[in-house]
Amino acid sequence: MFQLSDLYLLAPEISLVLLALVVMVIDLFTKRRIVIATVSLVGLIVPVGFVIAQAVTYTGPRTALFRMLVVDQYSLFFRVIFLIIAAFMVLASYNYLGKYIKAEGEFYVLMLFSVVGMMLMASTGELISIYIALELTSFPLYAMAGLLRSSTKSSEAALKYVLLGAMSSAILLYGFALLYGLTGTTDLQGIAQSFKSFGNGNLMVIVADVLIIAGFGFKISAVPFHMWAPDIYEGAPTPATAFFSVGSKAAGFAALIRILVYGGLWQADLTPLIVVLGVVAVLTLILGNFAAAVQTNIKRMMAYSSIAQAGYILVGVVATLTMSQKNHTAASSGIAAVLFFILVYVVTNLGAFSGIIALSNLTGGEKIEDFRGLWHRSPLLTVCTSLCLLSLAGIPPVAGFFSKVFIFTAAWQLGQPWLVIIALLCSIVSIVYYGRIIKVMFFDAPRKEERLVAPISLSTTITLATAALLVLTVIVTVVLDAANPAALSLFASLLGK
Amino acid sequence: MSTPANIGYLYAGILVAAGFVFVILATTVSGLLSPHNPTKEKLQTYESGETPIGSAWVQYPLGFYIYALLFVAFDVDIVFVISWAVIFKQLSIFGFCEIVFFIVVLAIGLLYAWRKGVTRWI
């Protein structure tokens, strides 16, 4: 039953839980923020080390704890992404916490626990564990949304998040229950095996698919399940918003793709699945991009922008499913593009948000007009933020361009030209609103003349994020070389490996 | 022509419809037949108990909620410890380590609550 090698496969998560507990205890006995942040950051080396060790010694997909844990290239890829998020978050929130939030230690502890949940969401191969991982991810997020205790908006955000999160979990669980009823197992590989024999026209398969997509639709804020995002992004403390926009979304996609592809749901009744996901993708693209264009508050704009980004990712997912039955290798190119897109999105959005945290901290406002003329007041921050925004818009020199190109070409080749055309048109709209902020920062007259000096932790974060973005641009092929086998590993269990 | 696999949905649909019909029928018939003479006592929340004073929508002291949370921590503790104790022999040393870790984590939670001054009634 239980082996020591199981512990090794679970070691990144275990060490992260221990780190969170240590940080929690330290927070009880010292009030010095620098100690807590340093321990969190240095402690992250341990899980990172375990993930690297597992990646280096990787020989093939392995399962542990009665197939609850699946360690394949896919889960390793996402574990790396989530650890990157954790490290960035510790740095990016450091200054904000001192200024606005009393419960500093709690922020780090909640964030670390949530990252554990996210890592598990990407690496469990069993429905109940996926659900528990999802709740482990979500509960800390609810609390983080309400950490600005004196702000009514923040409390409202937390309450809305709890209620809608509970509802989406219920919908998702209903979908899981139907899957279990159909197949008699909660193990994704077992589900994949029994889906081999499912013919077309099974009503329950369609209902289960729709419920699961709806449940994860909340987590990835896809239209029509996006309503929570703008309010909660606006009300929550900005570092928490950054965390929601990358962590929750990446984890939601990780688990959704894991269920759809690794769980073999594509083997039966593909058409309704593609239609539902396709409609969701188109609505998400259109509403996200057009609503972002009319926002005046920068956090609301970023909320709609992150909805729009989810739309691009969904295009890749739909394209993958289109080809899944015919050609696994071709279909996995869609997943590879999605993985690359998520990685670039995470880095870029964290960079953009650290820029926003820094600039709104310094100017004291969250309206776009508060950012006027920042080029004259804080050149480094402005240039870095602009690069991140350009990458989000998909303008050529930066990595965001490549990630969009990959996802669009993959979708086109896999037979979804219309989705690609809609996504391209929406991209053009996105240039307008990202460009507007850049224009305001560079060309409008500044409100005051005095220079703004960003605190060292924030300028480090944004410089690191921008540097990472530029490095990603250069090593595109290296990342793709990692993403391709990760995508293929999802199909591996079905191909008799 | 429905397949035998799908015939179950038909039965389930008939059952749902019959349920709706029954509820609607029962309420309308009893509404038509029963006499109406409401008195003040009849309309009270607890007809034969305490007389309610004021509204239930008042603020309770926050301390109650925090105590409730602490209670939940121990409640869950007991649920796991009992189920562990039942199969203690099969699980042997591995189970022992697991439960110790579990209790240590809960103890850290208690430590947290204690350091934050939750145990002091305001």
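How do the axes of helix H2 (residues 33-43) of chain A and helix H5 (residues 104-123) of chain A come together, and at what angle do they cross?

1. This is a predicted model, in which local features need pLDDT of at least 70 and side-chain atom pairs count only at pLDDT 80 or more, whereas totals for chains, interfaces and linings use all residues. Residues are numbered from 1 along each chain as its sequence is written, and chains are lettered from A and ligands numbered from 1 in the order in which they are written.

2. The axes of H2(A) and H5(A) come within 9 Å and cross at roughly 15°, where axes are lines fitted to C-alpha atoms, for helices over the stretch in contact, and angles run from 0 to 180 degrees between N-to-C directions. Helices (H or I, at least four residues) and strands (E, at least two) are DSSP runs, numbered from the N terminus. The two helices H2(A) and H5(A) are therefore roughly parallel (angles under 35 degrees count as roughly parallel, over 145 as roughly antiparallel, 65 to 115 as roughly perpendicular and the rest as oblique).

3. On the H2(A) side the contact is made by A:Arg33, A:Ile36 and A:Ser40, and on the H5(A) side by A:Glu104, A:Gly105, A:Tyr108 and A:Leu112, residues being in contact if their C-beta atoms, placed from the backbone, lie within 7 Å. By class, this contact of H2(A) with H5(A) has 3 nonpolar, 2 polar and 2 charged residues (Ala, Val, Leu, Ile, Met, Phe, Trp, Tyr, Cys and Pro count as nonpolar, Asp, Glu, Lys and Arg as charged, and the others, Gly among them, as polar).

4. Helix H6 (residues 127-145) and helix H11 (residues 238-262) of chain A pack at about 170° with their axes 11 Å apart, and that angle makes H6(A) roughly antiparallel to H11(A). Their contact includes A:Leu134 and A:Leu141 of H6(A) together with A:Phe243 and A:Phe244 of H11(A), and by class it has 10 nonpolar, 2 polar and no charged residues.

5. Two loops of chain A deserve a look. A:Ser221, in the loop between H9 and H10 of chain A, has a positive phi near 45° and counts as buried with 29 C-beta neighbours inside 10 Å (buried is 20 or more other C-beta atoms within 10 Å, exposed 12 or fewer, and partly exposed in between, with C-beta atoms placed from the backbone). A:Pro224 lies in the loop between helix H9 (203-219) and helix H10 (228-235) of chain A, and the peptide bond to A:Pro224 from A:Val223 is cis, with omega near 0°. A:Arg67, in the loop between strand S1 (62-64) and strand S2 (69-71) of chain A, has a positive phi of about 65° and counts as partly exposed, with 16 C-beta neighbours inside 10 Å.

Technical notes: Contact = placed C-beta atoms within 7 Å.
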